[in-house]
Each structure stands twice: as structure tokens, then as C-alpha cells.
Amino acid sequence: MACAFFFDAEPVGEPGVHALDACALCTKPLARDSDIFMYRVDTTFCSDECRHEQMQLDAACARQAAARRQKQFSSGTGSGRAHREASVAS
């Protein structure tokens with residue numbers, strides 16, 4: 001009975017919609033007799049184009065996040081250095 005719990009569980013997201021029922025990008029219903037394109041283990045797409053577009057979006061988000069982290073790191077170390085220099089001069 002414990003195993004049935006895992007197979008019957010719905011994925012996080014929209015209740016009542018299973019992961020293999022619709023494209024994660026365009027929400028087009030996926031036919032059981034057509035190809036399904038996968039990305040990141042459990043994300044399904046109706047076409048290679050939708051999957052590629054999602055990969056591009058993820059890459060752009062990752063680049064933006066890295067730029068934000070770099071900016072925070074740069075501004076954080078700069079102000080820390082200025083503070084250390086000011087305390088040494090005192």
C-alpha cells in the first residue's frame with residue numbers, strides 16, 4: 001500500500017493535472033501516442049522547440065542570477081575593504 005502513494009501522487013503545481021498530460025511551456029495536451037520531450041528529469045514538452053525555448057529561458061535566468069550575485073559580491077567586498085582601510089588608518 002505504501003508504494004501506491006507514490007504512484008498516485010500528483011506533482012506540485014496545478015491540482016488535477018499530471019506532469020505527462022500537457023506541455024510545460026505551451027500547455028498543449030500531450031497525446032499518449034506521440035513523442036514526449038523531457039527536460040530536467042520530470043518536465044515534459046510537446047516538441048523539441050518548446051523544450052529548447054525552456055532551456056534558453058532557464059539559461060537566461062541563470063545568467064541574470066549570476067550577474068546579481070556577482071554585483072552583490074563586488075559591492076560587498078568593496079565596502080568591506082573600504083571599512084577595513086578606514087579602521088587601519090584610524
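The protein chain has two helices and two strands. Both kinds of element are DSSP runs numbered from the N terminus, where a helix (H or I) needs at least four residues and a strand (E) at least two. Along the sequence they follow the pattern α-β-β-α. The model is a predicted one, in which local features need pLDDT of at least 70, side-chain atom pairs count only at pLDDT 80 or more, and totals for chains, interfaces and linings use all residues. Residues are numbered from 1 along each chain as its sequence is written, and side-chain values use heavy atoms, leaving out hydrogens and water.

**Confidence**

pLDDT is the predictor's confidence in each residue, on a scale from 0 to 100. Its mean over the protein chain is 76, and 62% of the residues reach 70 or more. By element, confidence is lowest in α1, with a mean of 43, and highest in β2, at 92. Over residues 1–13 the pLDDT stays under 50, and the model has six contacts there beyond four places in sequence; a contact means heavy atoms within 4.5 Å. Where pLDDT is low, the predicted coordinates should not be read in detail.

**Surface and core**

The accessible surface of the protein chain is about 7400 Å², and 59% of that belongs to carbon and sulfur atoms. Such areas come from the Shrake-Rupley method with a 1.4 Å probe, and for residues only the protein chains shown count as cover. Of the 90 residues, 11% count as buried. Buried means under 20% relative accessible area, exposed means over 50%, and partly exposed lies in between (1.4 Å probe, protein chains only). The table gives this value for some single residues.

| Residue | Relative accessible area | Class |
|---|---|---|
| Cys46 | 17% | buried |
| Gln54 | 17% | buried |
| Cys61 | 47% | partly exposed |
| Thr27 | 55% | exposed |
| Val41 | 80% | exposed |

The largest nonpolar core consists of Cys23, Leu30, Tyr39, Phe45, Cys46 and Cys50, six residues in total. A nonpolar core is a set of buried Ala, Val, Leu, Ile, Met, Phe, Trp, Tyr and Cys residues joined through side-chain atoms within 4.5 Å. Leaving out residues up to four places away in sequence, Leu30 touches several residues, among them Cys23, Phe45 and Cys46. Gln54 belongs to helix α2 (residues 48–89). Beyond four places in sequence, Gln54 is in contact with Leu25, Tyr39 and Phe45.

**Rings and sulfurs**

A pair of aromatic rings is described by the distance of the centres and the angle of the planes. Rings of Phe, Tyr and Trp (its six-membered ring) pair if their centres lie within 6.5 Å; planes under 30 degrees apart are stacked, over 60 edge-to-face, and the rest tilted. The structure holds one aromatic pair. The ring centres of Tyr39 and Phe45 are 6.4 Å apart and the planes are at 50°, so this pair is tilted. Tyr39 and Phe45 are both buried.

The structure holds zero disulfides, a disulfide being a pair of cysteine sulfur atoms within 2.5 Å. For Cys46, the closest cysteine sulfur is that of Cys26, 3.6 Å away, which is too far for a bond.

**Loops**

Thr27 lies in the loop between α1 (2–8) and β1 (37–39). Its phi is near 60°, a positive value in a residue other than glycine. Val41 sits in the loop between β1 and β2 (43–45). Val41 is not a glycine either, yet has a positive phi of about 70°.
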